[in-house]
Amino acid sequence: MNRVVKGFKDLAQYPSAIAGLVLISLFVALAVYAMVTMPLGQAIELWRGSGDVWQYTPRNAAPAWLNVFPGINKPVTMDFNTANMPEAKTVEEIAPGMWEVRVSFPFDFTYDEFPTEINVFTTVRNSTARPFFSMRWLTPDGREIPLGDVDLRASESFRLGQDARLTRRLGGRPAHMGLFADPNASEAVPLKGRYELVAEALVFEPDTELDVRLVVYGQLHGLAGTDHRRRDLTVALLWGTPIALAMGLMGAIGATVTTMAIAAVGTWYGGWVDNLIQRITEINMMLPGYPLLIMIGTLVDRNLLLLTAIWVALSIFSASIKSYRAMFLQVKEAPYIEAAKSYSASNMRIIVQYMMPRIIPVLVPTFVGLVPSFVFFEATISVLGLGDPLLPTWGKVLSEAQDMGALHNGYYYWVLAPSLLLVFSGAGFALLGFALDRIFNPRLRSL
Amino acid sequence: MEIFDKTMRPGTKPEDVLLSVEGLHKWFEIKRLGLFRVGDVKAVDGVDFQLARGESVTVVGESGCGKSTLARTILGLYGPTKGRIVFDGRVIDGTDKEALAWYRRHVGFVQQDPFGALPPFMTVQRILNEPLVINGVKDPEERQRRIRKALEDVRLMPVEDYLTKFPHQLSGGQQQRLVIARAIILEPKLIVADEPVSMLDASVRVEIMQLLGRLQQQYNISIIYITHDLSTVRYFSDRIFVMYGAKLIEKARTKELLKNPSHPYAQALMNAIPDPDPDNVDRFREVPGGEPPSLMNPPAGCRFHPRCPAAIKGVCDVQEPPHFERGEQHLVACWLYGEEHAEQTA
Ligand SMILES: Nc1ncnc2c1ncn2[C@@H]1O[C@H](COP(=O)(O)OP(=O)(O)OP(=O)(O)O)[C@@H](O)[C@H]1O
Ligand SMILES: [Mg+2]
């Protein structure tokens, strides 16, 4: 064990190891952040996107930070809600038993292009009578555009862009363009300046609560953009991190420990046990792995755990079982094993506590090197359409991007972000693995 | 139990016999290509002796004569091909697992290569804890007490300095002390020590031998001490068994054998007991000329006859010599001491 510790100390001399460790720490930090800020259940729920959780975000928006590039100045989503901006709402009793609620959302619009949608959502609580509601739109050049009036039910959504009458009044342009267009320009260009949405409602009960939410959907949204179902990709990219790390580590641990245990059992008992293990290994090395998975995934169950278990099983009986066997054959002859027998140590104890610890230092680099293959494994089966249907993972993002033709449609961000995360996490472990290999393997000979 | 070993101290009562090794054989089957049986390496080929409580014997013989195989068979690490081991009145064979576990609890093993004999990834504490845990010492305080006592017994003190160390942090001599501590921690009645000092520096050999001798005295442990080097015999050992070609060819009390070696091979060995000059310690290996006998196809008759300066033609190369009595508690398997038999066969 102290050899392992010393090995890790030697790492400081390898730049590649340091780079790898830095990358790995970043991913670990990200994973911790994801788990602390959002429980897995919530992430799965969000990603499933049931109900109307995602109606306040744009469809297929690129990340907001694209605006830092010169020449790009696209609208970012703007979201105003009286529920968290009480100052936008005033209530005044204008007659006995009648109150006027006035909501005003003034904002500056400075982008070169139009938003993609504009919607208003209202909620009414504690009201038996329907409040009377009307909205107006004030433009920077002083025009006032009435957006219509209506008796409010408990909750309403006004999808202004789909309002055909409004579109006609705006000269055939849907609201998210027509409301922002410069009336004097021949082409459709937005007019920059201060806009204001004014909404007024008459309510008839003193404790009636009314909330209004205006969402101007941008072409850009959030850190990572959104997908075709308006889901914010940060959810999957963030939560994909702990899942990828867990997959990678569990897969690698599972594969290494089981391979080692099986090799140890085979070497210790020898005879037909050993022969059987060797033959299985030889057959398995000729079997095609992914086709087998596709078969099981389509015929049996699309469950990430099951498929991972099968993948681990396939990688257990791999070439490495042979190299572990060679090491164990040597360990088996060590005098300390004979000593253990002389004080009645059981076969199980000898295998687990006397043989396996002996080769663990050799396994460290193999183990670290195996991690990326299991991270990529999840992505691969997702792209093959065998991914877990519920979990938000990098592979799922990639797979949906592919299904939606992200690259043909110019949604590069949708493919790039998960790919880069995969590559960098893989690179982190690979860089560390290389360095560990160099540190530990010279000692292999001194076993 | 009957006493058949005529070299035992006179007056030894049957209940004083701790170990009885009767007609012990250990053959290794040799297969070519893992399939065709080529023959057997008869590494132990008929060994008989008895050992009293608290008694120590030395088995001496050249490399490859079967000493380690004898040790392992006695320890129950190899099942005997033929013959049996009786310990404290109980027959030990592979069929009774409970008896084997009981036997192993009472027999300690000290190996040749101390570093190899210690798991390199365990601390001293854990190394000594293992036999206790495995053999059912359940109380952790009791285990701790015994670990301390064993370390004190082998003079690895202060104990605290050693408990957390790993074997590679100890010197060769300290490692061998630890191996001995492990061998005595279950309070055995017998220790089998297979060349315990041959891999150590000459400077620490004496202290390890003295340590074994002291433990034997202190706890009345019987010791089977295996060596190829007779110069270490004097530290303890009541009797000497000379092993040649998988058999014991001469058995006698230590003083008697050193004074009056009878078998020509034993005589060659005695002449080779080195002068105090430590450079000559290992010289005896070369002394008897010629090749050690093949254990797969041993020479007919006396296995030493091809190398023997006194071989009697027509006798020694024909018939295997039985043990002849040569004085008090002194047996020797050589026709020179039973010529009347030789004449009969000739
Ligand atoms: N497991 C085994 N399988 C086959 N042959 C063996 C085995 N163990 C020992 N032998 C053979 O038995 C013979 C005796 O070996 P053993 O190790 O008992 O000798 P030794 O007297 O201890 O020698 P050394 O002084 O070199 O330790 C040798 O010829 C050896 O090759
Ligand atoms: Mg030996």
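These legends accompany several close-up views of a predicted model. In this model, local features need pLDDT of at least 70 and side-chain atom pairs count only at pLDDT 80 or more, while totals for chains, interfaces and linings use all residues. Residues are numbered from 1 along each chain as its sequence is written, chains are lettered from A in the order in which they are written, and side-chain values use heavy atoms, with hydrogens and water left out.

**View 1. Strand β7(B) is enclosed by the rest of the structure.** Five of the five residues of β7 (residues 190-194) of chain B are buried, so this strand is largely enclosed. (Buried means under 20% relative accessible area, exposed over 50%, and partly exposed in between, with a 1.4 Å probe and protein chains only; strands are DSSP runs of E with at least two residues, and helices are runs of H or I with at least four, numbered from the N terminus.) In a regular strand the side chains alternate between the two faces of the sheet. Here Leu190(B), Val192(B) and Asp194(B) cover one side, and Ile191(B) and Ala193(B) the other.

**View 2. The neighbours of β7(B) run parallel to it.** Strand β6 (residues 107-110) of chain B is joined to β7(B) by four bridges, with Gly108(B) partnering Ile191(B). Five bridges link β7(B) to β8 (residues 222-227) of chain B, and Leu190(B) has Ser222(B) as its partner. (Two strands pair if DSSP finds at least two bridges between them.)

**View 3. Thr82(A) sits in a loop of chain A.** Look for this residue between β1 (78-81) and β2 (89-95). Thr82(A) is buried, at 4% relative accessibility. Its contacts (heavy atoms within 4.5 Å), not counting residues up to four places away in sequence, include Lys89(A), Phe105(A) and Asp211(A).

View 4. Arg325(A) is partly exposed at 21%, whereas Asp274(A) is buried at 10%. Glu22(B) lies in strand β1 (residues 17-32) and Arg84(B) in strand β4 (residues 82-87), so the pair ties together parts 62 residues apart in sequence.
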